[in-house]
Protein chains: 2
Amino acid sequence: MSLMSNLSTSMISSSSSAFLAPISFNSSRTQSVSVPVKSIKIIKCVATPQEQQTAYKTKVSRNANIAKLQAGYLFPEIARRRAAHLLKYPNAQVISLGIGDTTEPIPEVITSAMAKRSHALSTLEGYSGYGAEQGEKALRAALASAFYGNLGIEEDDIFVSDGAKCDISRLQVVFGSDVTMAVQDPSYPAYVDSSVIMGQTGQFQKDVEKYANIEYMRCTPENGFFPDLSSVARTDIIFFCSPNNPTGAAATREQLTQLVKFAKDNGSIIVYDSAYAMYMSDDNPRSIFEIPGAKEVAIETASFSKYAGFTGVRLGWTVVPKQLLFSDGFPVARDFNRIVCTCFNGASNISQAGGLACLSPEGLEAMQEVIGFYKENTKIIVETFNSLGFKVYGGQNAPYVWVHFPGRSSWDVFSEILEKTHIVTTPGSGFGPGGEGFIRVSAFGHRENVLEACRRFKQLYN
Amino acid sequence: MSLMSNLSTSMISSSSSAFLAPISFNSSRTQSVSVPVKSIKIIKCVATPQEQQTAYKTKVSRNANIAKLQAGYLFPEIARRRAAHLLKYPNAQVISLGIGDTTEPIPEVITSAMAKRSHALSTLEGYSGYGAEQGEKALRAALASAFYGNLGIEEDDIFVSDGAKCDISRLQVVFGSDVTMAVQDPSYPAYVDSSVIMGQTGQFQKDVEKYANIEYMRCTPENGFFPDLSSVARTDIIFFCSPNNPTGAAATREQLTQLVKFAKDNGSIIVYDSAYAMYMSDDNPRSIFEIPGAKEVAIETASFSKYAGFTGVRLGWTVVPKQLLFSDGFPVARDFNRIVCTCFNGASNISQAGGLACLSPEGLEAMQEVIGFYKENTKIIVETFNSLGFKVYGGQNAPYVWVHFPGRSSWDVFSEILEKTHIVTTPGSGFGPGGEGFIRVSAFGHRENVLEACRRFKQLYN
């Protein structure tokens with residue numbers, strides 16, 4: 001049995017940009033190029049119709065809420081289409097600017113700390129078993145200091161997690177099925193999908209491409225990608241992502257002040273996703289807690305994924321201030337703590353050692369360098385689409401470029417680009433009906449691939 | 001800012017046996033002794049009553065299902081009592097045989113693989129971002145081969161996770177609020193608590209110490225800790241843990257055959273927790289899938305935690321066979337896959353590298369050695385209580401010893417032992433009303449601590 005020899009094959013994934021992963025053995029960041037992937041096996045976990053007809057069935061009803069979900073979760077769906085493309089063009093030099101997956105190596109100051117912690121686990125003095133479900137004290141303290149220094153957020157307001165997406169679902173479990181929710185339209189699909197799963201919504205309405213009982217807050221070029229709150233209905237929960245995925249728009253201090261006032265007037269809870277805050281170039285708030293009063297109405301979720309290349313290492317955090325109360329005065333943090341303790345067992349201790357290293361002076365500098373690299377990519381992509389005469393949004397404060405194809409279907413544009421240039425993007429309509437007519441181009445990629453992709457975009461659209 | 005210097009303080013945890021962690025700098029397994037912990041800070045994430053009276057409250061109602069939960073989750077509750085004990089006796093040599101937390105270092109063949117993967121993440125060729133949400137292909141294949149070799153479980157039936165507890169909650173999200181469930185009484189509290197959280201149950205009934213709408217399957221010495229299925233009501237879901245936590249009882253092939261028949265007759269789904277399977281000494285099944293027909297009615301969840309000391313590293317897996325169907329013929333695996341993709345992003349790639357190393361020939365041997373060490377502890381504990389005239393159960397097939405104190409309250413015995421011997425155990429009633437009158441003694445501990453604990457038990461009960 002030679003299990004270790006299989007390691008290299010383990011990187012084929014249904015939702016990563018792994019097709020680009022083993023692309024080069026040259027350690028220079030700018031030298032990498034994509035190579036063809038010969039065969040892709042699509043994971044099958046579904047019985048065929050014939051099998052189902054004769055097979056034994058339990059008497060357990062399928063969860064009606066999950067049955068409401070449309071198609072696959074966006075990014076696995078894109079992975080499927082990419083895989084199909086590779087079957088059709090097995091020699092294609094596919095470049096992925098689709099799913100926002102980091103591609104650059106993790107700085108050594110961070111991986112060394114994780115390796116050191118790994119080795120220490122083989123010693124009596126360095127071994128640790130179950131950690132605090134909320135995260136290691138030193139990491140919580142470092143997060144409070146690094147990201148919320150003057151904002152009155154304390155160590156015990158911070159819950160370390162295995163990523164923002166996971167915490168969004170745990171927050172939905174806290175809220176339960178009897179709340180109403182609002183989202184930016186377009187927005188990261190995990191907000192809506194987790195809401196559907198928890199039973200907060202009605203059925204999907206095909207005519208408007210929306211789930212019933214969700215308030216979609218339209219964010220368009222016309223309103224500067226900030227919703228007109230005067231026309232937004234009151235909901236219990238408001239998901240708000242800034243800098244935004246997918247539009248790349250960052251809300252200003254004035255806009256966030258409006259949002260906090262809106263939540264306070266309505267007694268709503270904002271779930272603020274700040275996963276891209278360190279990409280901000282402008283002088284907008286990096287945290288919702290920069291807005292006075294936000295601690296009484298907001299939760300903030302964040303992640304090391306896009307700062308340190310931790311998409312595979314898995315580490316994030318969520319801030320639930322002790323000042324945030326349900327209508328009966330019960331602290332939301334206490335229920336979140338209960339869910340974290342019952343449904344989760346803390347992030348990996350090795351990942352947490354990496355997180356702590358990220359927040360050392362050397363780690364912070366190294367993360368800024370990685371972020372700077374992706375921001376240069378962003379600039380190249382923005383300039384390319386600008387030069388081709390497209391209306392381009394985002395890119396300034398986020399690693400995403402939001403390109404307008406007025407009057408066209410996003411999936412059609414996605415398919416056109418994939419078919420003609422072998423570049424994977426993300427169709428805007430995958431983020432909600434408000435994303436129709438847009439394509440999201442991710443700036444996560446090796447420099448050579450981004451430059452090559454831009455050459456192909458110029459060939460296609462010149 | 002010297003963040004790294006805080007690392008050692010990070011091991012104080014609300015639910016670990018961390019009080020015993022930094023106990024010795026001697027690398028010999030048998031040389032360690034516990035040392036006093038000077039001060040313990042209990043995490044506070046709750047507003048005080050005064051603050052709540054005048055504070056701003058949102059208009060979001062607290063989730064009524066979460067409000068049904070009694071007290072804290074068992075293990076944090078024990079951690080709180082232990083912390084209070086340490087405040088009272090700051091110089092006490094506390095020994096934890098409470099929460100089932102591993103204490104022995106992870107074999108080097110495993111930590112080396114994790115360190116290697118960590119370092120590789122700093123290289124272009126070794127970097128990987130988002131992995132498959134279901135886990136790396138090589139690990140899924142190795143799990144299928146190592147644990148389900150001849151049982152017809154395939155690589156794509158296996159979903160790698162960050163631990164069995166986390167997967168239990170994700171399974172509950174798949175099932176939703178409209179199912180009914182049964183549990184062994186006593187049983188690991190995460191089954192019941194996650195069921196309450198999802199809204200599958202009624203209120204807690206103080207008179208019988210049970211939640212309404214859960215079928216408690218009594219497991220006692222009288223029935224050999226296997227429920228009398230002829231008196232168990234039909235439910236949609238049946239949680240079943242074998243070898244059992246907390247009783248240590250392992251079901252025989254005949255009993256599991258009965259259970260599978262019972263599920264099949266009723267159209268139920270068994271969620272089989274096999275987290276302690278490798279502790280089996282007797283010739284009982286290690287997997288529910290050893291029983292013919294089980295693939296049509298069972299899910300199995302498992303973990304590296306108690307095999308390789310991965311309680312802090314976080315890695316487990318769940319098997320959802322493609323043959324398992326809801327009443328409408330829809331495969332359960334497909335909905336589980338959707339939940340894994342939407343609410344989870346895969347286990348840490350570093351932990352997965354560790355899991356793969358666990359399944360190499362050297363890793364399997366090293367795990368057997370760790371397990372063998374804990375089984376020796378178990379024997380010492382069993383012999384101690386036997387010599388004191390107690391009726392003792394478990395221990396043969398699981399790292400837990402289930403000690404009977406007939407007619408006494410579990411929490412009283414827990415308190416008596418803690419107060420008089422500074423030993424933390426787990427009160428049986430924390431696992432359900434059927435555990436009343438019992439104490440669970442965990443065999444996870446350094447040898448010196450187990451021996452010292454047994455000396456103290458003899459002093460107290462001789």
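Let me start inside chain A. Domain 1 of chain A and domain 2 of chain A bury about 2800 Å² between them, and carbon and sulfur atoms give 62% of that area. Keep in mind that this is a predicted model.

Where do those domains run? The assignment for chain A puts domain 1 at 95–105 + 362–461 and domain 2 at 108–360. Their C-alpha centres are 24 Å apart. Domain 1 of chain A brings 30 residues to the contact, and domain 2 of chain A brings 39 residues.

Now the polar side of that domain interface. How many salt bridges cross between domain 1 and domain 2 of chain A? The rule finds 0. Polar contacts are there, though: 18 residue pairs, both partners at pLDDT 80 or more.

Which elements does domain 1 of chain A use? Two or more residues each come from α12 (361–387), β11 (392–394), β12 (400–404) and β15 (438–442) of chain A. The largest share is from α12(A), with 10 residues. By type, this side of domain 1 of chain A splits into 15 nonpolar, 11 polar and 4 charged residues.

Next, the two chains. In contact here are 144 residues of chain B and 146 residues of chain A. The area buried between chain B and chain A is about 12000 Å², with 61% of it on carbon and sulfur atoms. Which residues of chain B lose the most area to chain A? They are Tyr56(B), Leu124(B) and Tyr130(B), and together they make up 8% of what the chain B side buries.

Charges next. Between chain B and chain A the rule gives 4 salt bridges. One salt bridge pairs Asp193(B) with Arg338(A), and their closest N and O atoms are 3.1 Å apart.

The largest share, 9 residues, belongs to α10(B). In make-up, the side of chain B that touches chain A has 62 nonpolar, 52 polar and 30 charged residues.

Last, some backbone details. In chain A, the peptide bond from Asn245(A) to Pro246(A) is cis, with omega near 25°. Pro246(A) sits in the loop between β7 (237–241) and α8 (253–266) of chain A. In chain B, Asn245(B) and Pro246(B) are also joined by a cis peptide bond, and omega is about 20°. Pro246(B) lies in the loop between β7 (237–241) and α8 of chain B.

One more residue to look at: Glu209(A). Its phi is positive, about 60°, although Glu209(A) is not a glycine. Glu209(A) falls in the loop between β4 (204–205) and β5 (210–211) of chain A.

Key. Residues numbered from 1 in each chain as written. Chains lettered and ligands numbered in written order. Predicted model: local features only at pLDDT ≥ 70, side-chain atom pairs only at ≥ 80, totals over all residues. Heavy atoms only, no water. Contact = heavy atoms within 4.5 Å. Buried area = accessible area lost by both parts, 1.4 Å probe. Salt bridge = Lys/Arg side-chain N within 4 Å of Asp/Glu carboxyl O. Helix = DSSP H or I, 4+ residues; strand = E, 2+ residues; numbered from the N terminus. Nonpolar A, V, L, I, M, F, W, Y, C, P; charged D, E, K, R; others polar. Domains from an automatic or database assignment. Polar contact = N/O pair within 3.5 Å; in protein donor to acceptor, adjacent residues only side chain to side chain.
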